[in-house]
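Hi everyone, thanks for coming.

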Amino acid sequence: MNRSFLAQNPSVLWFLVLLGLFTLVVTVLSEAFGVGFLSTSFVKTLGKTLCLCLIAIAMDVVWGYCGILSLGHFAFFGIGGYAIGMWLMYARTEGIVAESLSNQIIPPTSQELQDAIASQIFGVVGASEFPTLWTFAHSLPLQLLMILLVPGLLALVFGWLAFRSRVTGVYLSILTQAMTLALSLYLFQNDSGLRGNNGLSGLQNIPGAEGVPQSVISIWFLWGSALALGLGYVLFAWVVSGKMGSVIRAIRDDETRVRFLGYHVETYKLFVFTLTAVVAGIAGALYYPQAGIINPAEIAPIASIYLAVWVAIGGRGRLYGAVMGTVVVTLASSWFTGGGAPDVNLGVYTIQWTDWWLVLLGFSFVAVTLFFPQGLGGLVDKLKGAKA
Amino acid sequence: MLRAFLALLLLTGLTAQPGHAQEANLQDLLQEHQAQIIKPSRTKVGPAIEALASSGLPSVPLFLEKWRDKNVYVAEDGLFYVVAGGTATDVSTGEPVSGVDADTLDPIRPNGGVRRVINEALVEFQLSDPDITRRTEAVDAISRNLDPSQVEPLSKAIENETNAALKLRKQRLLNYLAARYGETTEARIDAIKALKDDLSVDGRAVLSQILATSTEAAPNLPEDENIARVLEPGTDISRADAYAMIEDKADLPPVLSASEIRTALEANVEGAKVAGVSVGTLTTQDARAAAYDRLAATGAVAPRATEDTIGETLAAWTIYDVYDEDDTAVTEAARDTQNAVNTRVGVSQTADLALDAISLASIYFLAAIGLAITFGVMGVINMAHGEFIMMGAYTGYVVQQIIPNYTLSLVVALPLAFIVTFAAGVAMERLVIRHLYTRPLETLLATFGISIALQQLAKNIFGTQARPLTSPSWLDGNWAINDVISISYIRVAIFVLALIFLGLLLFILKKTRLGLEVRAVTQNPRMAASMGINPDKIKMMTFGLGSGIAGIAGVAIGLYAKVTSEMGADYIVQSFMTVVVGGVGNVWGTLAGATMIGTLQKGIEWFNPSNTLAAQTYMILFIILFIQFRPKGIVALKGRAAGD
């Protein structure tokens, strides 16, 4: 099975080889394990981009292959980030608090420890007790389980409700957008139990690795993100190939016809929606320790729309297209907004790219939709066609 | 020369003479009561102030103010002067007096009691002041701080009050005073009952002040006090608070917090042991409490209240609320009246809430109706709709920069905003959307691209700070129906605008050729085309119309909120939901959707007023659930028109 699957999809092997080479090159050029050509912050940017690629291929499967334009997948990404962030914050604060209480004459009770940790974490929103949301925050394995369970369950319930009542097309897009908006508005409250708009911070400090410099940690996370992306790629390539893949694509092309052929469309859609949500959660859990901070603004509806933009620019319906779109748009975005692009002097007016980048992106997005519906991936197909 | 001399004479005569006459009068009067004024005492100053007040001199109030503020000085010859800015001035005219050095004068410093007497006299003057703003100020001052001494001046000032509204206020105020400080129980009860129809904050405050209670603890319920209610520890009052009250009275041992116990134990550690126990074992709160009790038994620390003592004490004592007011009849009347008032306030608040909801609904309606039309006709969601709203608002702003008259600029801005966004909408339809009719999901993304580009363009042109769109002065202020129900005129205007658009759209869709064609294309574009309708033209016109209405909505929204490049984004999701909830392609559906979302949001906010974020969250959750039951919205197209 495995051999035939890879034989059917040579692009998967190509992708894995390229990903491995990329990781190797970055490691060799990094400060921690190599010549120091790449700064730690740039290594982190690359690691974060890999995580974004992971959620982008998830988005590609749900939209490009299954035809569900979800405008809420960043909600799952954010939930994954919050889940890992809770453990990171708890464990780190516990270490600090335990050290500061250790020189007392009478050893602290567990209640005293809890209270001290809670007031340390929640003092900023004026609370001093752990909300029920944090029940499992002390345990890494349980919290890792949450990364899979919470986005999965949310997607399952939401998808079941939506698909069961045959909400499709633009309606579903709006509904998923409403979902992520509701979640971000909820998290913006100070009494949400997740520190309101302060979010969770200091996530780049990994408990148990206090002595390890950030340059090394950044490489660890780059490896982790690359591994997750590689595994995710293989998983999704397997899902969209074979008979199941055909059904999923058929649902995209004509849902009614597939239903009349006797397939249970809702189950397939629910499976794809939930699976991609779980992968999005994993991507978020790898992303935010590299970003260092997560707050509710991260899961505002606009983020999920950008996700759709990456996939569309890269070209839907091909996994490497999603990766290409993400890499091109995020790196170009940081190049333009970071002041990397030179200003264009038009004589009467000077175009500063920090101000004009979004205008350029917006219009180029319109152009891509109009003239290159196959996106960047379509160009690759054309090259291949020319070669063959 | 002669003329100049005459003019001079006239001038000095005009200015000096009346002042001179007054000066003589007030100064003479002051001289009569010289002793009481120079060294006033609270008990003896009465006749002097009475004489001043009854003299009817116009300069008396000002003098009293200066006297109170310690600005009146006395010279060695006994004459009084007001010192302002280091120079001596005349007591009645306030003009500098030559030949008197301010430094040689002695200040007069009335004490607090005297100043209060002066104040009372002043209130009386202000209440009858010819200037209505000063009279209003005096009434405001009294209502801020009710005091029995105000009864008399107030009742005197009612008769001669010419302004009807102010007279009513004065009578109300007198009634408040009577309710709180009336001499007989009957008079107070009558006054309290008269408050039944008064929904104002002041009136309600009077009632709650009469019903003010304080919490007491006693072994037995006292019989001679006006008891409001008995409190049950644990439900009405926390056990800790209840015990703390009794602890003070009965000299019981205090309840110690965990940290207090810990500090006490730490102070008594001897060789890693406390009360015979190793400190290493004190890792639970129970172990620490036990160790503390053992320490207390040896007398090393003061005993603490255990859970048992607290229980016993609470069982033996009664905690109750007692009215500050002693008279049972008064408090009962006040409570009855308060209940009646609260019912009426509740009804009014519901009405006020309904008004708020309608106003919010009309904003959503305006923002969403354009979206609904384009969505209905083309099955296309325009993500740039919010940016058309913004464009309309900025058009209004630019017009106001050119035409400074706010009314005129509004009259110009409304049609201009329509034209600008109509043109933008038609351009967008021709250039982009036309090519994507077969790919509706991609329209969503292409229009999103336009949306971010337009937003950033607006930011580049107008900057990131909010721009004001000032409403004309006749739209300022509130329309107050009673003390609780009020709504700002801008919101009324937006409501009217929404009504106009509802009517206009219904007219266009039902009574014109264009409307007929639009409805035909909505229901079945191919069939419409075969009947000779050009769907391309209709789609272009509809898109322009929908965008134009967004522009007008932008002006309306800009009037009561600020104009920013992100204002469209704030409304877009609500607009989507209005359309989705209401049902597509139907004006009534959008109306129903807007009404439902507006009412829902205000209703949830009412349950949880401090938290509008939570209200929005719950509203969205509700909508997500609602869609489960009516996936095609409240007003769904039926039959073949519904399509897929």
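Predicted model: local features only at pLDDT ≥ 70, side-chain atom pairs only at ≥ 80, totals over all residues.

Residues are numbered from 1 along each chain as its sequence is written, while chains are lettered from A and ligands numbered from 1 in the order in which they are written.

Let's look at chain B as a whole. Chain B has 25 helices and 11 strands; here helices (H or I, at least four residues) and strands (E, at least two) are DSSP runs, numbered from the N terminus. How does the radius of gyration of chain B compare with that of a compact globule of 644 residues? The globule would come out near 26 Å, but chain B has 38 Å. That radius is taken over C-alpha atoms, and the globule rule is 2.2 Å times the number of residues to the power 0.38. Along its principal axes, the C-alpha trace of chain B spans about 115 × 110 × 60 Å.

Of the 644 residues in chain B, 36% count as buried. A residue is buried if 20 or more other C-beta atoms lie within 10 Å of its own, exposed if 12 or fewer, and partly exposed in between, with C-beta atoms placed from the backbone. Now take contacts in chain B between residues at least 6 apart in sequence: 70% of them join residues at least 24 apart. Two residues are in contact if their C-beta atoms, placed from the backbone, lie within 7 Å.

The domain assignment divides chain B into domain 1 (2-119), domain 2 (128-210), domain 3 (213-323) and domain 4 (356-569). Such bounds come from an automatic or database domain assignment. The C-alpha centres of domain 2 and domain 3 of chain B are 48 Å apart.

Now find the four-stranded open sheet of chain B, which has the order β3-β2-β1-β4 and antiparallel pairing. Two strands pair if DSSP finds at least two bridges between them.

β4(B) pairs with β1 (72-74) of chain B over two bridges, and Val74(B) stands opposite Asp106(B). Three bridges connect β1(B) with β2 (80-84) of chain B, where Val72(B) faces Val82(B). The hairpin of β1(B) and β2(B) has five residues between the strands, and Gly78(B) there takes a positive phi near 90°. Three bridges also join β2(B) to β3(B), with Val83(B) and Ala88(B) as bridge partners. That hairpin has two residues between its strands, and Gly85(B) in the turn has a positive phi of about 65°.

A second open sheet in chain B has three strands in the order β5-β9-β6, again with antiparallel pairing. Its twist averages 30° from one strand to the next, using axes that are lines fitted to C-alpha atoms, for helices over the stretch in contact, with angles from 0 to 180 degrees between N-to-C directions. Four bridges join β6(B) to β9 (318-323) of chain B, and Arg229(B) has Asp321(B) as its bridge partner.

Over to chain A. Most residues other than glycine have a negative phi. Arg166(A), in the loop between α6 (140-164) and α7 (169-188) of chain A, has a positive phi near 60°. Arg166(A) counts as partly exposed, because it has 14 C-beta neighbours inside 10 Å.

Finally, the contact between the chains takes 40 residues from chain A and 43 residues from chain B. On the side of chain A that touches chain B, α7(A) gives the most, with 14 residues.
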